[in-house]
Amino acid sequence: MAIAAAAVIVPLGLLFFVSGLVVNLIQGICFILVRPLSKNTYRRINRVVAELLWLELVWLIDWWAGVKIQVYTDPETFRLMGKEHALVICNHRSDIDWLVGWVLALRSGCLGSTLAVMKKSSKFLPVIGWSMWFSEYLFLERSWAKGENTLKVWVHMLYLYKHCTLYAQYTGTH
C-alpha cells in the first residue's frame, strides 16, 4: 500500500516542484520587468501565473483527499461570492486552512486574486512560499507588537489599491 501511494505522490510532487520553479521564474521576471512600470499589469499577469500553480494543489486536495466544503450563507451573499471584495477569516482549525480557503476561492472564481495572512517563515519555502511572496501575501511574526504596524500598513495599501482601481475603471484610465 505504501509503495502504491509513493508511486503516485513522488511524481506529483516532482511535477509540482518543477512547475513551481518555472512559475517562480516567470513571477520573478515579471516582478523585475513589469512591476516597476505598472503594478496593475504585474498583478493581472501574476494572478494568472500563480493560479496555474495553486490549481495543482487544489486539484490534489480535491482528488486525493476528497475534501468537502460546505458554505452556510444567505442566497444574496452566495450570489456575490467571487464578484466583490471580501475578507474571510478562518478559525485555524488545521495547518492547511489556507488550502481549504483556496478550494473555496476556486469555486468562487477568484483563486488567482486571493490573498492571505501567513506566518513569516512561510515566505522562505521554495515554490509555494515564493509564489505567495510574489502574490503580495502578508507575512507576520507571531508577536502582535511586531506585526501590528505591518498589518495596518497592508490593510491601508489594500484600501488604496481597491479605491485606485475603482477610480481607474470609473475614469477609463489605467
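How many salt bridges does the structure hold? The structure holds six, a salt bridge being a side-chain nitrogen of Lys or Arg within 4 Å of a carboxyl oxygen of Asp or Glu. The model is predicted, so that local features need a pLDDT of at least 70 and side-chain atom pairs count only at pLDDT 80 or more, whereas totals for chains, interfaces and linings use all residues. Residues are numbered from 1 along each chain as its sequence is written, and side-chain values use heavy atoms, with hydrogens and water left out.

Among the salt bridges is that between the side chains of R43 and E136, with an N to O distance of 2.6 Å. This pair links distant parts of the chain, 93 residues apart, since R43 belongs to helix α2 (residues 39-65) and E136 to the loop between α5 (128-134) and β2 (138-140); helices (H or I, at least four residues) and strands (E, at least two) are DSSP runs numbered from the N terminus. R43 is buried, with a relative accessible area of 18%, while E136 is partly exposed at 22%, where buried means under 20% relative accessible area, exposed over 50% and partly exposed in between (1.4 Å probe, protein chains only).

A further salt bridge is formed by E76 and R79, whose closest N and O atoms are 2.7 Å apart. These two residues are separated by about one helical turn because they stand three residues apart in helix α3 (residues 75-80). An α-helix has 3.6 residues a turn, so residues three or four places apart point the same way. Both partners are partly exposed, E76 with a relative accessible area of 41% and R79 with one of 46%. In the salt bridge between E141 and K146, the closest N and O atoms are 3.4 Å apart; E141 is partly exposed at 33%, whereas K146 is exposed at 55%. Elsewhere, salt bridges that share partners join R35, R43 and E136 into one network.

Helix α2, which contains R43, has 27 residues that should span 39 Å at 1.5 Å a residue, and the 36 Å between its end C-alpha atoms agrees with this value; the expected span is 1.5 Å times one less than the number of residues. A kink of about 30 degrees in α2 is centred on L53, the bend at a residue being the angle between axes fitted to the seven residues ending there and the seven starting there. L53 is itself one of the buried residues of α2, which also include Y42, N46, W54 and I61. The helix is followed by G66, which has a positive phi near 60 degrees.

Helix α1 (residues 2-33) contains I32, which counts as exposed at 60% relative accessibility. The C-alpha atoms of I32 and Y42 are separated by 9.7 Å, the two residues being 10 apart along the chain. A nonpolar surface patch of about 500 Å² is made by F17, V18, L21, V22, I26 and W130, with its largest share, five residues, coming from α1. Patches are made of residues with over 30% relative accessible area and no salt bridge, like charges being joined within 9 Å and nonpolar side chains (Val, Leu, Ile, Met, Phe, Trp, Tyr) within 5 Å; accessible areas come from the Shrake-Rupley method with a 1.4 Å probe, and for residues only the protein chains shown count as cover. F17, found in helix α1, is partly exposed at 39%.

The count of disulfides comes to zero, a disulfide being a pair of cysteine sulfur atoms within 2.5 Å. C30 counts as buried at 14% relative accessibility, and C110 as partly exposed at 23%.
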